[in-house]
Amino acid sequence: MNNFSYIKVNDISDAVNELNGDIRNKIVAGGTNLNDLLKYFITKADKLVDINPVKDCNSIIRLDNGGIRLGALHTNADTAYDPIIEERYPLLSKAILAGASPQIRNMATNGGNLMQRTRCYYFYDINTPCNKRDPGSGCAAINGYNRIHAILGQSDNCIAVFPSDMCVALTALEAIVNISGPDGERVLPFADFHRLPGDTPNRDNNLVHGEVITSIDLPVKGFEKYYSYLKLRDRSSYSFALVSVATGLDIIEGVIKEARIALGGVAHKPWRVPEAEDFLKGKEPSRENFAASAELILEGAKGYEHNSFKIELAKRAIVRNCMMALNPKSQRPGAKPSL
Ligand SMILES: Cc1cc2nc3c(=O)[nH]c(=O)nc-3n(C[C@H](O)[C@H](O)[C@H](O)COP(=O)(O)OP(=O)(O)OC[C@H]3O[C@@H](n4cnc5c(N)ncnc54)[C@H](O)[C@@H]3O)c2cc1C
Ligand code: SF4
């Protein structure tokens, strides 16, 4: 860890001033990712700007339009267990609780979750080439051990995946990210927040240096009747997704009116294919239709030496999760599985 200065701020405008648009000045929230990145010299900071005292960003509030605003500093645990989230957005609650450990979720914040870095082994090993950590140095994963890497949306410069669970549900829910920066405030639809690697894998998302996430808005529609989050991983806890799926379905009189299906663990951003969701509209919620939709979602998928299994795994996970969404109560602790 290099030497840096540290300052606490009480409001967002002070945070923006302290950041001063400089990449070497960093926000710290829960510290669960940033501290590791600093300790292992993956990132360096001149100044840490601690936003924890900012009261405005630490709550969950009802919006006039019927939606819900999640403060960027509200913790992942408090968000998942909030009665409004449990009741109206159980998909989000379930996705958050599939991530990390209780201790980490108690510290991790909503804003930090969106900003967490990839878990590519080579990104964390400063002795190997990595275009994300050190642009232009190469990618050790493409011809290396790539079991956890991307099968969709990757480039010749980077095949890393974005590791969040929470963000997969936020993608399916079509959340909106509220941002403050030197040029004022702006909003980004969730689908436009994270990026594909392309030629600039060092950039994970479209936040500009000096900007701060203040909150995340959830639209009214929470898919509280038919939803499911499925996370497939090497260990059953404390492990990142090989493949995860968030499904929200709107079903009226046995026919799908709207479907949302987002994948995690497969690309540099949560992956959604609108054509595959449109395909389900007006159809029966059957295994065959979900399988056909899964084929559309995985169209163009490409595996590498150690991760080709993810293509079939993702297709099966989509079908299984969509079937589970038809009976969300079966997912509660102690309930018998419906399949
Ligand atoms: C062992 C371990 C296992 C984990 N497993 C999972 C898992 O299974 N699933 C999962 O989803 N996550 C997992 N995580 C990741 C965890 O969810 C993130 O570390 C956490 O959400 C980051 O939040 P934070 O508040 O601690 O961020 P910090 O570590 O404080 O910050 C992370 C980054 O976000 C930036 N940042 C923070 N807040 C803001 C803001 N408001 N505006 C702009 N930038 C900001 C910081 O500058 C930094 O770059 C795991 C983490 C660990 C350590
Ligand atoms: S996949 Fe991306 S993060 Fe991993 S080594 Fe290659 S460039 Fe770095």
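**Exercise 1. How many residues lie between β6 and β7 in their hairpin?**

Let's work it out on this predicted model.

- Step 1. Find the strands: β6 covers residues 176-181 and β7 covers residues 184-189.
- Step 2. Check the pairing: the two strands run antiparallel and are joined by six bridges.
- Step 3. Look at the pair G181 and G184: G181 stands opposite G184 in β7.
- Step 4. Conclude: β6 and β7 make a hairpin, with two residues between them.

**Exercise 2. Work out the strand order of the open sheet that contains β10, and explain why one side of β9 and of β12 is left without a neighbour.**

- Step 1. Begin with β10 (residues 243-252) and β11 (residues 255-264), which pair in the antiparallel sense through nine bridges. As one example, G248 has R260 in β11 as its bridge partner.
- Step 2. Extend to the whole sheet: its four strands follow the order β9-β10-β11-β12, with antiparallel pairing.
- Step 3. Now turn to the edges. β9 (226-232) and β12 (271-272) each have a single partner strand, so one side of each lacks a neighbour in the sheet.

**Exercise 3. Which strands do α5 and α11 lie across, and at what angles to β9 do they run?**

- Step 1. Take α5 (residues 90-97): this helix lies across β9 and β10, and runs at about 15° to β9.
- Step 2. Then take α11 (residues 309-325): this helix lies across β9, β10 and β11, and its angle to β9 is about 150°.

**Exercise 4. Describe the largest nonpolar core and trace the contacts of L218.**

- Step 1. The largest nonpolar core has 37 residues, of which L70, L92, L114, L170 and L218 touch the most other members.
- Step 2. Elements giving two or more residues to this core include β5 (68-71), α8 (166-172) and β8 (212-218). The largest share, six residues, comes from α8.
- Step 3. Leaving aside neighbours within four places in sequence, L218 is in contact with several residues, among them I68, L70, I85, L92 and L170.

**Exercise 5. Which residues come nearest to ligand 1, and which polar atoms lie close by?**

- Step 1. Of the 32 residues around ligand 1, the nearest are I27, G31, T32, T109 and D165.
- Step 2. For the ligand's oxygen atoms, look to the backbone: a backbone N or O atom of G30 is 2.8 Å from an oxygen atom of ligand 1, and a polar backbone atom of L34 is 2.8 Å from an oxygen atom of ligand 1.
- Step 3. For nitrogen, look to a side chain: an N or O atom in the side chain of D165 lies 2.7 Å from a nitrogen atom of ligand 1.

Conventions: Residues are numbered from 1 along each chain as its sequence is written. Chains are lettered from A and ligands numbered from 1 in the order in which they are written. This is a predicted model: local features need pLDDT of at least 70, side-chain atom pairs count only at pLDDT 80 or more; totals for chains, interfaces and linings use all residues. Side-chain values use heavy atoms; hydrogens and water are left out. Two strands pair if DSSP finds at least two bridges between them. Contact means heavy atoms within 4.5 Å. Axes are lines fitted to C-alpha atoms, for helices over the stretch in contact, and angles run from 0 to 180 degrees between N-to-C directions. A nonpolar core is a set of buried Ala, Val, Leu, Ile, Met, Phe, Trp, Tyr and Cys residues joined through side-chain atoms within 4.5 Å. Buried means under 20% relative accessible area, exposed over 50%, partly exposed in between (1.4 Å probe, protein chains only). A residue is near a molecule or strand if one of its heavy atoms lies within 4 Å of it. A polar contact is a pair of N or O atoms within 3.5 Å; within protein, one must be able to donate a hydrogen and the other to accept it, and residues adjacent in sequence count only if both atoms are side-chain atoms.
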